[in-house]
Amino acid sequence: DDDPAVSPDGRWIAFTRWRAAGVGDVYLMPLTGGEPVRITMDSLKIHGLTWTPDSQNIVFASNRGGNFSLWSVSRDGGAPRLLPVPGRALDSPVYSRNGRLLVVEEWTEQSNIWRLDPWASSQPPAPLISSTRWDWHPALSPDQSRLSFVSDRSGAAEIWVSNADGSEPMRLTGFDGPFTNGPAWSPDGSRIAFESPVDGNFDIYLVPAAGGTPQRLTTHGATDRGVSWSRDGQYLYFGSNREDGWQLWRFTLETGDLQRITDNGGYIAQESDDGQWLYFSKHDQPGLWRKPLGGGEEQLVIEELLPLDCSNWRLHRDDLFFVTRENLDQAHLVKMSLTSGERWPITVFEKLRYKSGFSVDREGAVLYSQIDQSESDLMVYYLPVSE
């Protein structure tokens, strides 16, 4: 529960209730206590809310229409209506007491995908995919010819694919609102698995890489995130909080059967190239672990991986690429040999998105997303007197 706002008449309190990351709605309850009532049914993001001065309506910032805009919903419920307030991404609305002024944050942000070849000292990092919006979570196809990524350039976070050089981008999903994320290629490059909270909680989906209708694979009321493939393409791994907190689960594509893989926590996994190990991070614990695919106890591999970087690591042949941080602003990219344990510092990311993921190509070059612009202004709007 977040963003509490008391009505001007002192009778009600409105707030945002989150059920998962990016899955929230407006709730209302008497200030004297009682059961909260759900006012919106969007299951999308809400970035702040306020009351109209007459205590009849709640105004909130939401991506229910794609971009973050301002919406008004009656205290009694009903369909929200879009307010004619301009701006690319609006946030945290506040009314003046007399209702004549409305103040909002307006954000201008841009995240692009870059390529860094750490072994070519004469070549600085170069932008690979850019737009005026957010582009993140790059994932190269197994044959290195194509790239999948997440972008909100169409108005909402969707899965996109392009050529490896970023040319000819094509949108694969069209959910138009939910925080769709985490694309993962099948070993044969024909399909992409991903996560999306279409019905209010994150589930795992599958879509043909050439385009087509996404297929929903999980339907449990829990949150399912961080999907990856087995090397033979028969299974999908993902983290879920459906049982004993966050654990790793394995989904059999042919039968739909589910098997729990971990007992002490698990979130995002990747099989080793030799097919002997399953490496994984945990949702709320620092470190990276592994356990034998044939069965056995888990082992701690590194301690430095923070929970906010739980997806910022990759296996690449016999090496592990991962991020460590001395502070939140600087992410140190490190390469470690899985056989000898020897480490090589590669670079420092000063604008790396948290939990954004990265990809490594055959030559050892790293594809990553970074925040290239993030600015906000306070905007005041003069409103006509309501009758």
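1. Does Gln-370 count as buried or exposed? In this predicted model, Gln-370 has a relative accessibility of 13% and therefore counts as buried, since the limit for that class is under 20%. The residue belongs to strand β33, which covers residues 366-382.

2. The surroundings of Gln-370 may be described next. Its side chain makes a polar contact with the side chain of Asp-372, at 2.6 Å. When residues up to four places away in sequence are not counted, Gln-370 touches Gln-110, Ser-111, Asn-112 and Trp-114, together with Lys-351 and Leu-352.

3. The aromatic residues form a second topic. A pair of aromatic rings is described by how far apart the centres lie and by the angle of the planes. The count of aromatic pairs in the model comes to 7. One of them joins Phe-175 and Phe-194, with 6.2 Å from centre to centre and 45° between the planes, and this pair is tilted. It links distant parts of the chain: Phe-175 lies in the loop between β15 (170-171) and β16 (181-185), whereas Phe-194 lies in strand β17 (residues 191-196), and the two are 19 residues apart.

4. The two partners of this pair fall into separate accessibility classes. Phe-175 counts as partly exposed because its relative accessibility is 24%. Phe-194, at 0% relative accessibility, counts as buried.

5. Phe-175 also pairs with Tyr-205: the ring centres are 5.5 Å apart and the planes meet at 55°, so this pair is tilted. Here too the pair links distant parts of the chain, with Phe-175 in the loop between β15 and β16 and Tyr-205 in strand β18 (residues 203-208), 30 residues apart. Tyr-205 has a relative accessibility of 6% and therefore counts as buried.

6. Phe-175, Phe-194 and Tyr-205 form one aromatic cluster.

7. Which residues place a charge over a tryptophan ring? Arg-242 has its charged end over the ring of Trp-249, at 5.5 Å from the ring centre. Arg-290 lies over the face of Trp-277, and the distance to the ring centre is 3.6 Å.

Conventions. Residues are numbered from 1 along each chain as its sequence is written. This is a predicted model: local features need pLDDT of at least 70, side-chain atom pairs count only at pLDDT 80 or more; totals for chains, interfaces and linings use all residues. Side-chain values use heavy atoms; hydrogens and water are left out. Rings of Phe, Tyr and Trp (its six-membered ring) pair if their centres lie within 6.5 Å; planes under 30 degrees apart count as stacked, over 60 as edge-to-face and the rest as tilted. Helices (H or I, at least four residues) and strands (E, at least two) are DSSP runs, numbered from the N terminus. Buried means under 20% relative accessible area, exposed over 50%, partly exposed in between (1.4 Å probe, protein chains only). A charge sits over a ring if NZ of Lys or CZ of Arg is within 6 Å of the ring centre and within 35 degrees of the ring normal. A polar contact is a pair of N or O atoms within 3.5 Å; within protein, one must be able to donate a hydrogen and the other to accept it, and residues adjacent in sequence count only if both atoms are side-chain atoms. Contact means heavy atoms within 4.5 Å.
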